[in-house]
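Notebook open, model loaded. I want to go through this fold piece by piece and jot down what I find.

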Amino acid sequence: MPAPQQTIRRSLLVLSAALSSLALTAPLALAAPSPTPTPSATTSASASPTATPPANMSSVGGARLAQAGTQVNLASGVPVVPKDLTARSWIVSDAESGAVLAAHNAHWRLPPASTLKMLFADTVLPKFPKTTEHKVVASDLAGMGAGSSLVGIKEGESYTVHDLWLGVFLRSGNDAVHVLSHMNGGVDRTVADMNAHAQDLQALDTRVVTPDGYDEPGQVSSAYDLTLFARSGLQKKDFREYCSTVSAKFPGETTKKKGKSVRGTFEIQNTNRLLSGDSDVSVYPGIAGVKNGNTTNAGATFTGVAERGGKVLLVTVMNPEKDEHNEVYKEAAKILDWGFQADGKVQPVGELVAPKNAAQTSAQPGATASGEAGGDTAGTKPAASAGPVAAEEDGSGGVGIALAIVGGLLVLLAGAVFLVNRRWPLPDLVRRRPRP
């Protein structure tokens, strides 16, 4: 089919979808206000979570997501959700459309462990070019919690920002996080930046106390928020590169050999077992990141992104009760399998909200998502903000209303065509990278 005819056909399809959407959603929009967070979404929590989810949770993303228990719209042709899931909280969603396919206690505020490093990276990564070098001093490594996961950074050695981010993503190195935090003005400044960025992302369940996710009283997030962090981070080219890297060489210590200074390297491997595999876990088909975590208080946590058959799904799993090796990855794989079977068949139970600034960001011709400052969003002002579709009647009666509706639909059509071509996040950002 010639290109102009393809464009016309696509536009007609989008217009048809827009008309159907208006018919289905306009009465609902008038009847019910947009979901707002409940007080539990903004108050602090203790370090030790309760055994059961609170009765009132945030409704960001939809009223169903505020309810405890498993939320899914089962119907003819929709596969049954796996019965043997034991995680306190989980969520699976379409990364491109933002549709939440199913969830379980999605807004339960729990300790996040090192999955919080996704927010750290999404906040700090755009601030420094990857080639920037930093010589580590003692104060850079101060204040890390006992038993922290480390990549092996040494005082007195120099590292590039690229090296440090590999340490963050592959080895979940708290030492790399602290060095980058000090480069960013200190731990306190970085924590404040992360909390502010969480608010911008509408991740209202999250309260950051430490930038590395180490257990601290009051540090909480949710499966819903962790998914927002991943979705935002995956807008950045560098973020996508780091979170999908299986193994890399990391700088070692400098030694003297025959009077010359020689610096060796050692290999580090990604601890995301759906990406790197393990004795009891296979590499998940189509996996492309994102981040895992594990602490005494949080248990095991994991957020992953995978692509299959043109669909890109995000999954977050928090604290499985089943105490088996790699259980968090096994449950994540089961949920992803279900999601790929259900996507396109199941009616969503909610949505992943866009960042606050996505509505104000205009699309720039030739713009690309990157790890550089200013490259973290790819949205546009929604068509609905152009004003009401219908207008008051004037002397032309129904003709005036009809023209107003047509004009509104043209605006909606333009916005819909834009979304078809450039959804938030962009459709092609999370395709499986070739293995090294």
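What percentage of the 436 residues in the chain is buried? I get 51%, where buried means under 20% relative accessible area, exposed over 50% and partly exposed in between, with a 1.4 Å probe and protein chains only.

Ground rules for myself. This is a predicted model, so local features need pLDDT of at least 70 and side-chain atom pairs count only at pLDDT 80 or more, while totals for chains, interfaces and linings use all residues. Residues are numbered from 1 along each chain as its sequence is written, and side-chain values use heavy atoms, with hydrogens and water left out.

**Entry 1: overview.** I count 10 helices and 11 strands in the chain; these are DSSP runs numbered from the N terminus, helices being H or I with at least four residues and strands E with at least two. I then looked at contacts (heavy atoms within 4.5 Å). Of those between residues at least 6 apart in sequence, 68% join residues at least 24 apart. The chain exposes about 19600 Å², and carbon and sulfur atoms supply 56% of that; the area comes from the Shrake-Rupley method with a 1.4 Å probe.

**Entry 2: cores.** I looked for nonpolar cores, meaning sets of buried Ala, Val, Leu, Ile, Met, Phe, Trp, Tyr and Cys residues joined through side-chain atoms within 4.5 Å. The largest has 64 residues, and Ile-153, Trp-165, Phe-169, Tyr-224, Phe-229 and Phe-239 have the most contacts inside it. Helix α3 (residues 161–171) gives this core its largest share, seven residues. Apart from it I found another core, of 32 residues, including Val-78, Val-92, Leu-274 and Val-328. I also checked Trp-165: leaving out residues up to four places away in sequence, Trp-165 touches Phe-120, Ala-121, Val-124, Leu-125, Leu-180 and Tyr-242.

**Entry 3: Glu-157.** Is Glu-157 buried or exposed? Glu-157 is buried, because its relative accessible area is 10%. I find Glu-157 in the loop between β4 (133–135) and β5 (158–160). Its side chain reaches the backbone nitrogen of Thr-254 at 2.6 Å. Not counting residues up to four places away in sequence, Glu-157 touches His-134, Lys-135, Val-136, Gly-252, Glu-253, Thr-254 and Arg-263.

**Entry 4: Gly-233.** Gly-233 sits in helix α6 (residues 223–233). I log Gly-233 as buried because its relative accessibility is 0%. Neighbours within four places aside, Gly-233 is in contact with Asp-122 and Phe-239. Gly-233 and Leu-119 are 114 residues apart in sequence, yet 7.7 Å apart in space, C-alpha to C-alpha.

**Entry 5: α9.** I followed helix α9 (residues 327–342) from its first C-alpha to its last: its 16 residues reach 22 Å, close to the 22 Å expected at 1.5 Å a residue (that span is 1.5 Å times one less than the number of residues). How many of the 16 residues of α9 are buried? I get 12, so α9 goes down as mostly covered. Among the buried ones are Tyr-329, Trp-338 and Phe-340. What covers the buried residues includes β2 (87–94), β3 (99–104), α8 (273–276), β8 (287–295), β9 (299–308) and β10 (311–320). Just after α9, Gly-344 takes a positive phi of about 95 degrees.

**Entry 6: β8 and β9.** β8 is mostly covered, with eight of its nine residues buried. β8 and β9 form a hairpin with three residues between them. They pair in the antiparallel sense over seven bridges; strands pair if DSSP finds at least two bridges between them. I noted one of these partners: Ile-287 bridges to Ala-306 in β9.

How values were computed
A polar contact is a pair of N or O atoms within 3.5 Å; within protein, one must be able to donate a hydrogen and the other to accept it, and residues adjacent in sequence count only if both atoms are side-chain atoms.
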